[in-house]
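I opened this model today to look up a few side chains and the overall build. My notes follow in the order I made them.

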Amino acid sequence: MKGVLVIMDGLGDLPHDKLNGMTPLEAAETPNLDFLATRGEMGYMDSVKPNFVPESDEAIVCIFGNDLISSTRGQLEARGAGLKLTRGDLALRVNFATIKGKEIIDRRAGRNLTTDEAEILSRALNEIKLPCKFEFVPTVQHRGVLVLRGGFSDDFSGNDLTYVKGKAENVSNIGNCKPFNDEDNARYTTNILNEFLEKAHEVLINHPVNRERREKGFLPANYLFVRGGGIEVPKLKQYKKWISITNMPLEMGFSHLSGMNVFELEYPRLKNFDAYENMHNALAKICKFSIKVIKKNLKSADYVYLHIKETDLPGHDNKPFEKKQMIEYVDKTLFKFLRRIAPPKEIKVVVTADHSTPCKMKAHSADPVPVLYYNNGEVPEVKQFSEKEARKGRLGRITGKALLKKVGFAK
Ligand code: ZN
Ligand code: ZN
């Protein structure tokens with residue numbers, strides 16, 4: 001094994017009042033990350049390009065050397081969910097959400113929709129009558145994939161206008177899917193999608209699962225948001241000697257389509273409606289699983305792509321303490337292990353994020369993310385892995401597309 005790339009989703013942040021003006025990464029006790037930072041170089045990265053607010057899929061596609069246009073989220077998620085697609089099938093990422101009238105109450109239905117509930121709701125959704133074949137597949141909690149079978153267009157907007165390429169606008173009302181061009185197929189596609197979304201709302205609003213949720217004081221999952229529609233299986237750069245370790249469908253799909261050997265960990269099912277307890281549990285499992293997989297593949301794999309999803313979520317919920325706690329947990333498990341094996345085995349370690357998710361913004365931002373490149377180098381000065389220190393680092397400011405070449409993980 002030559003190198004390990006750890007992407008901590010949404011790691012980058014901004015100073016927060018509740019952390020005495022520090023970022024979660026700065027405030028976190030991270031002796032092992034600091035050890036790696038001290039014996040390496042740091043820099044900061046625009047994962048897509050400057051002033052662009054990336055979604056996770058856009059960022060990882062670019063970090064692995066692809067052009068932004070070479071992929072769509074729906075296709076990656078569908079591949080991750082194990083769906084077989086043929087050209088023209090339209091795949092979209094879906095969120096269960098909560099609305100009241102036209103107003104968006106919560107884009108993730110309170111983040112505590114259990115996978116069991118989602119499965120029951122999807123059975124009802126799959127009964128909807130449409131003029132085409134379709135499949136709705138729930139993945140993890142509020143997340144799912146919708147596939148319309150047939151020759152569709154992907155030139156249209158989703159129904160949550162917050163997700164406009166490269167910008168973060170916090171839109172408060174639901175929209176319709178709108179075609180980006182005048183062609184019949186784009187209009188036909190959005191008509192079918194809007195019809196599906198309307199019918200889905202009717203199915204969901206009166207569903208017993210949602211009645212029970214309301215009785216428990218939880219937000220009902222009464223609406224669907226679709227985004228990232230794609231009709232072509234993305235052609236991505238191939239990384240044959242890489243292994244990938246992940247617990248989320250997007251990263252699974254991306255890794256499979258990039259030719260990696262994928263080690264998938266099933267996301268723990270949310271059982272008692274405590275989203276954060278479940279997240280900490282998921283984090284513990286992926287760290288443990290990663291250590292095991294890395295140990296087993298030290299001889300057979302050249303590089304590892306390890307994606308830690310959980311660190312993104314507290315940013316969306318403005319929970320800086322939770323984010324700090326998660327960073328500390330990864331430090332004392334995974335990074336403690338990497339600190340121990342990297343020097344004797346001459347393994348290089350890169351730690352970065354796909355984008356910033358500043359707690360106080362509750363959304364992704366265009367702020368560049370910190371990059372740590374451990375190469376068992378000299379010890380020039382005591383360093384801490386943080387956004388601030390990264391900006392002073394020798395690697396300087398780079399784009400996502402330049403990262404793997406810069407650290408020698410790709411040619
Ligand atoms: Zn992300
Ligand atoms: Zn996010």
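**Entry 1: Asn 247**

I began with a side-chain pair. The side chain of Asn 247 makes a polar contact with the side chain of Glu 310, at 3.3 Å. I note here that this is a predicted model, and I read each distance as a computed value.

Where does Asn 247 sit? I found Asn 247 in the loop between strand E10 (242-246) and helix H8 (249-257).

Is Asn 247 buried or exposed? Its relative accessible area is 2%. The cut-off for buried is under 20%. Asn 247 is therefore buried.

I then listed what Asn 247 touches, leaving out residues up to four places away in sequence. The list holds Met 252, Leu 265, Tyr 267, Ala 282, Ile 286, Lys 309 and Glu 310.

**Entry 2: Glu 26**

Next I went to Glu 26. I located this residue in helix H1, which covers residues 24-27. The relative accessibility of Glu 26 is 14%, so Glu 26 counts as buried.

Which residues does Glu 26 touch, not counting those up to four places away in sequence? I wrote down Gln 384, Ser 386, Glu 387 and Lys 388. Among them, Lys 388 has a side chain in polar contact with the side chain of Glu 26, at 3.3 Å.

I also checked Glu 26 against Phe 385. The two are 359 residues apart in sequence. In space, they are 7.4 Å apart, C-alpha to C-alpha.

**Entry 3: positive phi**

Asn 20 has a phi of about 50°. Arg 111 has a phi of about 60°.

Both are in loops. I placed Asn 20 between strand E1 (3-8) and H1. I placed Arg 111 between strand E4 (103-106) and helix H5 (115-125).

Their surroundings I noted separately. Asn 20 has a relative accessible area of 72%. Exposed means over 50%, so Asn 20 is exposed. Arg 111 has a relative accessible area of 5% and is buried.

**Entry 4: the whole chain**

I finished with the chain as a whole. I count 13 helices and 15 strands. The radius of gyration is 21 Å, close to the 22 Å that the globule rule gives for 411 residues, so the chain is as compact as a globular protein of that length. Along its principal axes, the C-alpha trace spans about 65 × 45 × 40 Å.

How many of the 411 residues count as buried, in percent? I noted 61%.

For the surface, I have an accessible area of about 17200 Å². Carbon and sulfur atoms account for 49% of that area.

Last, the charges. I have 63 positive and 53 negative charges in the chain. Their mean positions are 5 Å apart.

Notes:
Residues numbered from 1 in each chain as written. Chains lettered and ligands numbered in written order. Predicted model: local features only at pLDDT ≥ 70, side-chain atom pairs only at ≥ 80, totals over all residues. Heavy atoms only, no water. Helix = DSSP H or I, 4+ residues; strand = E, 2+ residues; numbered from the N terminus. Buried < 20%, exposed > 50% of the residue type's maximum accessible area, 1.4 Å probe, protein only. Polar contact = N/O pair within 3.5 Å; in protein donor to acceptor, adjacent residues only side chain to side chain. Contact = heavy atoms within 4.5 Å. Rg over C-alpha atoms; globule rule 2.2 N^0.38 Å. Areas by Shrake-Rupley, 256 points an atom, 1.4 Å probe, with all protein chains shown as cover. Lys, Arg positive; Asp, Glu negative; His and termini not counted. Charge placed at Lys NZ, Arg CZ, Asp CG, Glu CD.
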